[in-house]
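Please keep both open as you go.

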Amino acid sequence: MRKMFAGLMVVAFFAALGAPAFAKTETVKGRIVDVSCYMKDKANNAGKDHKMPADTADCAAACAKKGAPMALLTDDGKVYQLTGGLAADKNAKIIPHVAHVVEVTGEVTEKDGKMMISADALKMISR
């Protein structure tokens, strides 16, 4: 009986390790930004056009089409990298909404100080 209980405990332990740690479902509202460009110049690179170092039209959309990481920038300055189905196929579902305000409901996790939200869909709020 003890061996069976110990075996079940080992199985339960490894099952817990396989589950996403501390993931919780949240709804986050924010503007879609190109993470790389935004981090280089937060004041000028939150829209679709960037200063890299000169003005670059549609920089965010061009980077999204290449598969660059995209994120939600909330009103309070938090950045949530978009992952999961939204980021699949080189951001195919994100590209039409670059620089728009959207709402995303998904699993929020933190890794190495970076917030991520994994979702398959988004809801358009404003352009």
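This is a predicted model: local features need pLDDT of at least 70, side-chain atom pairs count only at pLDDT 80 or more; totals for chains, interfaces and linings use all residues.

1. Isoleucine 125 is found in strand β8 (residues 123-126), where strands (E, at least two residues) and helices (H or I, at least four) are DSSP runs, numbered from the N terminus. Isoleucine 125 counts as partly exposed because its relative accessible area is 37%; the class lies between buried, under 20%, and exposed, over 50%, with a 1.4 Å probe and protein chains only. Leaving aside neighbours within four places in sequence, isoleucine 125 is in contact with Lys29, Val101, Val102 and Glu103, contact meaning heavy atoms within 4.5 Å.

2. Residues are numbered from 1 along each chain as its sequence is written, and side-chain values use heavy atoms, with hydrogens and water left out.

3. The protein chain has four helices and eight strands, and from the N terminus on its elements run α-β-α-β-β-α-β-β-α-β-β-β. Buried residues make up 30% of the 127 residues in the protein chain. Among contacts between residues at least 6 apart in sequence, 60% join residues at least 24 apart.

4. Which strands pair with β6? Strand β6 (residues 101-111) pairs with β1 in the antiparallel sense over eight bridges, where two strands pair if DSSP finds at least two bridges between them. Three bridges join β6 to β8, again antiparallel, and β6 also pairs with β7 in the antiparallel sense, over five bridges. To find these pairings in the view, look for threonine 25, which stands opposite glutamate 107 in β6, for valine 101, whose bridge partner in β8 is serine 126, and for threonine 109, whose bridge partner in β7 is methionine 116.

5. The hairpin formed by β6 and β7 has two residues between the strands. Aspartate 112, found in the loop between β6 and β7, has a phi near 55°, a positive value in a residue other than glycine. Aspartate 112 is classed as exposed because its relative accessible area is 72%. Another positive phi, of about 55°, belongs to lysine 90, which is not a glycine either; lysine 90 is found in helix α4 (residues 88-91).

6. Strand β5 has two kinds of neighbour to follow. Strand β4 (residues 70-73) pairs with β5 in the antiparallel sense over three bridges, whereas β5 and β7 run parallel and are joined by four bridges. Glutamine 81 is the bridge partner of alanine 71 and also has a bridge partner in β7, methionine 116. In the hairpin of β4 and β5, with five residues between the strands, glycine 77 takes a positive phi near 90°.

7. In a regular strand the side chains alternate between the two faces of the sheet. For β5, the covered face holds Tyr80 and Leu82, and the uncovered one holds Val79, Gln81 and Thr83.

8. Where is the largest pocket, and what lines it? The lining consists of Val35, Met39, Pro69, Lys78, Val79, Gln81, Gly113, Lys114 and Met115. The elements that give two or more residues to this lining are α2 (35-40), β5 (79-83) and β7 (114-118). The volume of the largest pocket is about 200 Å³. On a 1 Å grid over the protein atoms alone, a pocket is an open set of points where a 1.4 Å probe fits, with protein on both sides within 12 Å along at least five of seven lines, and lining residues have an atom within 4 Å of a point.

9. Aspartate 34 is found in strand β1 (residues 24-34). Aspartate 34 is classed as buried because its relative accessible area is 1%. A polar atom of the aspartate 34 side chain lies 3.2 Å from the backbone nitrogen of serine 36.

Technical notes: A polar contact is a pair of N or O atoms within 3.5 Å; within protein, one must be able to donate a hydrogen and the other to accept it, and residues adjacent in sequence count only if both atoms are side-chain atoms. Grid points are joined across faces, edges and corners, and a volume is the space filled by probe spheres set on the points.
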